Amino acid sequence: MQYLPIIFVRGYAGTQKDVEQTVDDPFYGFNSGSTHIRVDEKENPQKFFFESPLLRLMTDHGYQPIVDNQNVSNQIKRLSGQLDKTIWVYRFYDVTTPSYGSSSIVRQEMEEIAKGLRDLIQNVKQTTGADKVYLVAHSMGGLVCRSLIQKIYPEEGKQAADHIDKLFTYATPHGGIYFEVGSGLLENLRDRFQLNNSDDFGPQRMYQYLTPGVQPTDKLPDNFQLEKLQSIENAFSPNRVFSLIGTNAHDYEEAFGLSRATVGVKSDGLVQIDRAYILGSHRAYVHRSHGGRYGIVNSEEGYQNLQRFLFGDIQVKLSLSNVELKDLDKKFYQLETRVALRGLPIPIYEQAIAHYCPITQELTRTDKPIPLFTAFLIPRNSASDNNVCRYALRLALHSFTKQQTNWLGESHLDQVPLWSDYLITDVVELNSTYKAAYSWNSDEKEPVTNLNPNPKSSSNVYVADVPLPERGQKVLGINAAVRLEISKWQ
C-alpha cells in the first residue's frame, strides 16, 4: 500500500450557470453524497447513505483536503507532516467566472486546461515532497488527464509516469460522445458550432488534444481509426489506469431526460458503455448513471473500486479459460457476471443483459482466456478477523437462437438460460505467499477446497484454475475453468 496526494479533476459544466454553481463549491462537487441505492429487479430505491468520496477518503484513510490550492501555507501547517495524505481539487473553471474577477467567460481550450493540471501536479509535488500523485477524474476530467499524459508531457520531453502513479476515471467518454438518433447530424452540429467547447467530445478535437505534435487547426486524417481515441498509446501503462463504467441511463435526468434519449439506453445517460474505457485498462461496470442522485461518483460502488485500486495490496485477475460452446452457427451466447465482496451491501462489478453490457463477442474466442474482472483486495479491510479476503463471482450463461425473419421483416430471439452459479473464493497472503480456497455455491456454502498453483505460477504470480461444476462443464466445455492470477499490487 502506498499513500500519495490525490488530485480530483471534475467533468464538463455545460452552461455558464453550471460553471457558476461549480466554482461556488469548494470541492467542485466531489463532496456530494447520496441517500439511495438501487437494489431489486424493479429498481426500487432503498435508503442507503454514502457520505461522498471526499469524506470517505478522510474517514477511512486519513486524507485531508486542501481547500484552495493557490494558498496552501496555512493549510499545510495544520497537517502535521501528513502531506502524502492530501486531497487537491483542480479548479480550472475559476478563471472563466466573473465572480472571481474574470473579464471573460470564454472557456479554456483542453490543452490549456491540461497545462494547468501539469502546473498543479508540480505544485503538489513541491509542497508535499511526494514523487508522484494519484489522479481521480470524472467525465471530461479524464480527458484533461489524458491530454496531459498523451500530449503535453510528451511534447515537453517528459514521461507521465515520472509524475503520475495511477489514474482512475469515472464515466469518462474516452471514445467520445455519440448519439443513437440523428444519423450523425447532432454530432456534426455540435462539432461545427462548438458551443461551450462541446466539440471536445468529437473525434477531431480529441485527435488534436490527445496527439503530440498536432495543432488545434489540424484536420482528422481520412484514414483515422476511431477506436484509437480510446488508446493511451505508449504514454502511460494501461495497467495503472482504472475505467469505471456506468450502465444506468434511466436515472440521468440532465436536460429533462433529453440526454439519455439521444445517447441511448446502452449508456450511463451521457456516455455510451463501449466508449467509457481506455483500451487495456482495468475496468468495472456498475449500474449507476452519469450524474444525479444515482450518479456514479457519489456511489458506494464507485468508492469501493476507487479505494481498492489506489490502496489495495492484492490483485486477483479472473478469467474464463478453455471455453468450448456448441452450435455457434445457430446460436450466440451472453455471459452475465457479478462480483461482490464480503461485508459490502452492493456489488462492485456487474455485467448484465438488462444493463446492456453482457460478455458476448469474447465467448467465441479460443486463443486465450476471456477476461472477467480484476479484483483489488485490501486484507486489513476484511470483514473477518484473519485478513482473509472473500469475494463471490456470479456467472450466468444465456443462449439465444436467431430464427428466420418473418414476413413482417422482424426476427425473433428466444432466450434460454443454460447455467448459473456462484464461485466463492477466499484469498489470503501469508509470509509473502498466497493461498486460496473455493467452492461453487451449488455444492458448498463455504470455500472448503484448497487451490493448488498450476505450472504457470511463478514466484511473483500465483496461478490456479477452478474447474466448473458439472452443469457448467456441460454447456461451457469439459475443460472450462475460472482462472485466478494472484499477485502483489502496489
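**Entry 1. Helix packing**

I took axes to be lines fitted to C-alpha atoms, for helices over the stretch in contact, with angles running from 0 to 180 degrees between N-to-C directions. Helices (H or I, at least four residues) and strands (E, at least two) are DSSP runs, numbered from the N terminus. The model is a predicted one, in which local features need pLDDT of at least 70 and side-chain atom pairs count only at pLDDT 80 or more, while totals for chains, interfaces and linings use all residues. Residues are numbered from 1 along each chain as its sequence is written, and side-chain values use heavy atoms, with hydrogens and water left out.

Two packed helices are described by the angle between their axes and the distance between the axes. I looked up helix α5 (residues 140-155) against helix α7 (residues 203-210) and found an angle of about 45°, with the axes 8 Å apart. The two helices α5 and α7 are therefore oblique to each other; I used the scheme in which angles under 35 degrees are roughly parallel, over 145 roughly antiparallel, 65 to 115 roughly perpendicular and the rest oblique.

Which residues meet between α5 and α7? From α5 I noted Leu143, Arg146, Ser147, Gln150 and Lys151, and from α7 Met206, Gln208, Tyr209 and Leu210; contact means heavy atoms within 4.5 Å. I sorted the residues of this contact into 4 nonpolar, 3 polar and 2 charged. For that sorting, Ala, Val, Leu, Ile, Met, Phe, Trp, Tyr, Cys and Pro count as nonpolar, Asp, Glu, Lys and Arg as charged, and the others, Gly among them, as polar.

**Entry 2. Helix α9**

At 1.5 Å a residue, the 12 residues of α9 should span 16 Å, and the end C-alpha atoms are 16 Å apart, which agrees.

Is α9 enclosed or open? I found 12 of its 12 residues buried, so α9 is largely enclosed by the rest of the structure. Buried means under 20% relative accessible area, exposed over 50%, and partly exposed in between (1.4 Å probe, protein chains only). Among the buried residues of α9 are Glu300, Tyr303, Arg308 and Phe311.

**Entry 3. Salt bridges**

Side chains of opposite charge can pair when their charged atoms come close. I searched the whole structure and recorded 21 salt bridges, each being a side-chain nitrogen of Lys or Arg within 4 Å of a carboxyl oxygen of Asp or Glu.

Arg118 and Asp119 form one of them, at 3.0 Å from N to O. Arg118 is buried at 19% relative accessibility, whereas Asp119 is partly exposed at 44%. I noted another between Asp191 and Arg190, at 2.8 Å from N to O. Here Arg190 is buried at 12% and Asp191 partly exposed at 24%.

Which parts of the chain does the bridge between Arg380 and Asp313 tie together? The closest N and O atoms of Arg380 and Asp313 are 3.0 Å apart. Arg380 lies in the loop between β13 (370-377) and β14 (389-402), and Asp313 in the loop between α9 (300-311) and β10 (314-321), so the pair ties together parts 67 residues apart in sequence. I read Arg380 as partly exposed at 38% and Asp313 as buried at 16%. I also recorded a network in which Glu51, Arg56, Asp60 and Glu300 are joined by salt bridges that share partners.

**Entry 4. Single residues**

Thr22 lies in helix α1 (residues 16-23) and is buried at 6%. Leaving aside neighbours within four places in sequence, I found Thr22 in contact with Arg10, Ala13, Tyr28 and Tyr93.

Gln194 has phi near 55°, sits in the loop between α6 (185-193) and α7, and is partly exposed at 44%. Asn322 has phi of about 60°, is found in the loop between β10 and β11 (331-341), and is partly exposed at 46%.

**Entry 5. Distances along the chain**

Gly182 is in the loop between β7 (164-170) and α6 and is partly exposed at 38%. I found its C-alpha atom 8.2 Å from that of Thr262, 80 residues apart along the chain. Lys77, in helix α3 (residues 73-77), is exposed at 65%.

How values were computed. The expected span of a helix is 1.5 Å times one less than its number of residues.
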